[in-house]
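Welcome, and please load the model in your viewer. We will go from one selection to the next, with a short note at each stop.

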Amino acid sequence: MILPRTTPNPTPQTAPPAAPRAIPDRLGSPLRQAATSWEALLLALAAAIFAADALASPYFLDIWNLSDATFNFSEKAIIALAMAFVVMGGEIDLSVGGIIALASTAMGLAATSGAGTLTVAAIGLGVGAACGLLNGILVARLGLPSIMATIGTMSLFRGLSYLALGDGVLKDYPADFGWFGQGYVWQALSFEFASFLALAVVAGLVLHKTVFGRAVRAIGNNAFAARFSGIRVERIRLVLFLMTGLASGLAAVMLTSRLGSTRPSIALGWELDVVTIVVLGGISIQGGAGTIAGVVIAAFVMGLVTYGLGLLNVPGIIMSIVIGAMLIGTIALPILITRLVPRRRPT
């Protein structure tokens with residue numbers, strides 16, 4: 001019997017592995033994202049306001065007038081850089097105007113007693129840092145709500161200034177002290193504006209490129225989860241308020257130097273302007289989102305608006321109304337967009 005010849009089964013060939021699919025973590029191209037970002041909208045708004053100011057006054061485009069325009073917002077913008085970290089961390093500091101008043105009063109008293117320029121400036125920075133440290137202790141250590149704690153210290157700091165000066169004015173500053181608020185580092189580039197640009201670069205690197213910046217964002221998004229992730233929430237909050245106090249002290253040095261005098265009413269109402277710059281810059285009032293670039297552009301927008309209104313001789317009360325409307329509109333606009341624009345369902 002002859003058995004049929006069998007052939008071995010051919011070895012099955014395995015198909016080549018499929019190439020992994022690249023799934024983007026964001027929708028749209030980077031160019032499209034940049035063009036539709038909040039910062040791009042602010043840039044367009046700043047350009048429109050700049051053009052309107054140029055048309056409103058034939059003297060606006062003069063280089064020295066543009067330099068003068070930077071004095072209009074540099075001090076507030078420096079505080080806004082530090083305030084951006086506080087708001088990003090889910091807190092707020094409403095005592096910055098009071099800190100400036102108390103720091104300026106301390107500098108005026110020191111100058112009256114014969115202190116030199118560097119000593120007077122150091123006292124302003126020191127008082128600002130001490131006030132920020134007190135705010136940080138009240139919020140981070142004692143657990144007080146930041147809005148209530150800083151409203152209290154706002155009244156406390158300015159009240160101490162009124163207690164020390166009453167209706168008086170301090171003017172006996174050293175002659176070279178005026179350079180901090182009126183001096184130029186190169187051509188029409190003022191010391192104040194140069195300081196703001198340098199601090200903006202530092203703030204941007206710290207917030208977007210360091211572990212500290214990521215920790216601030218995490219705290220603003222969910223402080224409870226951040227604490228269980230090993231982030232020292234209380235210590236970081238203390239540092240944030242210390243930063244705001246120090247920035248307010250620096251602004252006090254510049255503002256007092258520029259004005260050449262100290263009054264208890266100095267920097268009255270600056271809290272509204274600083275918070276408006278921060279929120280207009282895209283920092284979420286609920287914390288955890290925003291960019292330093294947006295804050296910088298918002299500072300330019302605020303400066304151009306107030307300087308343009310000043311060129312038109314608009315009263316200060318109208319400027320306050322405009323700033324208040326900008327703050328309300330900035331907070332309300334994202335809410336209105338989410339309610340009016342329907343979300344697309346995935347197909």
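Start with Ala267, in the loop between α12 (233-259) and α13 (270-280). Helices here are DSSP runs of H or I with at least four residues, strands are E runs of at least two, and both are numbered from the N terminus. A word on the source: this is a predicted model, where local features need pLDDT of at least 70, side-chain atom pairs count only at pLDDT 80 or more, and totals for chains, interfaces and linings use all residues. Residues are numbered from 1 along each chain as its sequence is written, and side-chain values use heavy atoms, leaving out hydrogens and water.

Ala267 is not a glycine, yet its phi is positive, about 60 degrees. Its relative accessibility is 7%, so Ala267 counts as buried (buried is under 20% relative accessible area, exposed over 50%, partly exposed in between, with a 1.4 Å probe and protein chains only).

Next, select Gln187, in the loop between β1 (184-186) and β2 (189-190). Gln187 also has a positive phi, near 50 degrees, but at 56% relative accessibility it counts as exposed.

Now move to α14 (residues 292-311). Of its 20 residues, 16 are buried. At the start of α14, a side-chain oxygen of Thr291 comes to within 3.1 Å of the backbone nitrogen of Gly294. Beyond the helix, look for Asn313, which follows α14 and has a positive phi near 60 degrees.

Finish with α6 (residues 117-141) and α7 (residues 146-165), whose axes (lines fitted to C-alpha atoms over the stretch in contact) lie 9 Å apart.

Notes. Axes fitted to C-alpha atoms, helices over the stretch in contact; angles between N-to-C directions. Expected span 1.5 Å × (residues − 1). Polar contact = N/O pair within 3.5 Å; in protein donor to acceptor, adjacent residues only side chain to side chain.
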